Amino acid sequence: MDVLERRLILLLQEGIPLVTRPYEELAQQLGSSEEDVLQLTRQLLAEGKIKRLGAVPNHYALGITANGMTVWDVPDDQISAIGHRLGQYPEVTHCYRRPRHLPHWPYNLFAMIHSYSREEVLATMERIAKELKLTQFPHEVIFSTRLLKKTGIRLKEKTAPT
Amino acid sequence: MKHQVNSAPKLEEGDKIILNHIQGGFPITSRPFKEIGEKLGMSETEVIERIKNLCLSGALSRFGPVLNPRRMGGNSTLAAMSVSPDRLEQVIALVNSYPEVSHNYERQHRFNLWFVVSAESEAEIKRVLAEIEAKSSFAVMNLPMMEEYFVGVNFQFEVE
């Protein structure tokens, strides 16, 4: 990543300036022009270095306090098909395959469900299990009890020596 | 319209309308708040003031970019630990002290600490996990993503 890209991301991650011309404000801090900052921001999005730009709600503060990580042990040869179907449920916000760590951790599929209550999360999981015929596979929901940190992924000031 | 939410405390109708429209796709134009305002029938000033208040009230965790470390030559992973209750607060402080840790949750399970580690190289991730393990003397289970089926956090607030 070049120097200007890095400096722009470092400024952006402190928050988009809440002024009428935020990109001009950033340009002033970078010693660049508004046009260049607009161009570079578009490029960072196009390259996928920035996944999205905008607001990240604090779902806890907004009352969406039931955060259920549903975990499933499904056969490896079916996991892609099952994962894609799970991810299509509107209640599921993230869905990933991750490795098992036997014997302590038998699960290979993770699907996050956020809701207003634990009952809702549990009901959703059981409904999905029935609809996708997953009831025969071991699964459970692991609820969060405390949000301890949520800063989002941040770029560091300097690259650590590798 | 991914996640339908029925009610949300402490939010005015105008706040909900804004929230529903700014969780991505923030305009990359000279006057982005004016553009949002025109779409939502609000003035540029109202949009800016409402977003300011949403940040101040804690309704927003952030207003900026969601980064993808994998596109910057880096990576991220989910890690879990099973920590005894008497050591938990100490280990939480240790884990949270790393800038590479972006999210950390206590969960109701034998594995009671779950956190995300991101860095610009795989080596840095390994170093952070190894350090946490050595300093805490609890094992760290590394659960890197092998395949992504869906990511689309977008909370929609019902407007009356």
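Contact here means heavy atoms within 4.5 Å, and helices (H or I, at least four residues) and strands (E, at least two) are DSSP runs, numbered from the N terminus.

Before moving on, know that this is a predicted model, where local features need pLDDT of at least 70 and side-chain atom pairs count only at pLDDT 80 or more, while totals for chains, interfaces and linings use all residues. Residues are numbered from 1 along each chain as its sequence is written, chains are lettered from A and ligands numbered from 1 in the order in which they are written, and side-chain values use heavy atoms, with hydrogens and water left out.

Which residues of H1(A) are buried? Colour Glu5(A), Arg6(A), Leu8(A), Ile9(A), Leu10(A) and Leu12(A), in a helix that spans residues 3-12. Buried means under 20% relative accessible area, exposed is over 50%, and partly exposed lies in between (1.4 Å probe, protein chains only). Now zoom to the start of the helix: a side-chain oxygen of Asp2(A) comes to within 3.1 Å of the backbone nitrogen of Leu4(A).

Next, hop over to chain B and colour it by domain. An automatic or database domain assignment gives domain 1 (3-64) and domain 2 (69-144). Their centres, taken over C-alpha atoms, are 33 Å apart.

Now pick strand S3 of chain B, residues 75-81, where 6 of the 7 residues are buried. What does S3(B) pair with? Strands pair if DSSP finds at least two bridges between them. S5(B), residues 113-119, runs antiparallel to S3(B) with 7 bridges, and Ala80(B) sits opposite Trp114(B) there. S6(B), residues 140-144, is also antiparallel to S3(B), joined by 5 bridges; look for Leu78(B) facing Leu143(B).

Further along, select Val151(B) in strand S7, residues 147-151. Buried or exposed, or something in between? Val151(B) is partly exposed, at 33% relative accessible area. Leaving out residues up to four places away in sequence, Val151(B) touches Thr93(A), His94(A) and Tyr96(A).

Last stop: cysteines. Select Cys95(A), buried at 0% relative accessibility, then Cys55(B), partly exposed at 29%. How many disulfides are there over all chains? The count is 0, taking a disulfide as a pair of cysteine sulfur atoms within 2.5 Å.

Definitions and conventions:
Polar contact = N/O pair within 3.5 Å; in protein donor to acceptor, adjacent residues only side chain to side chain.
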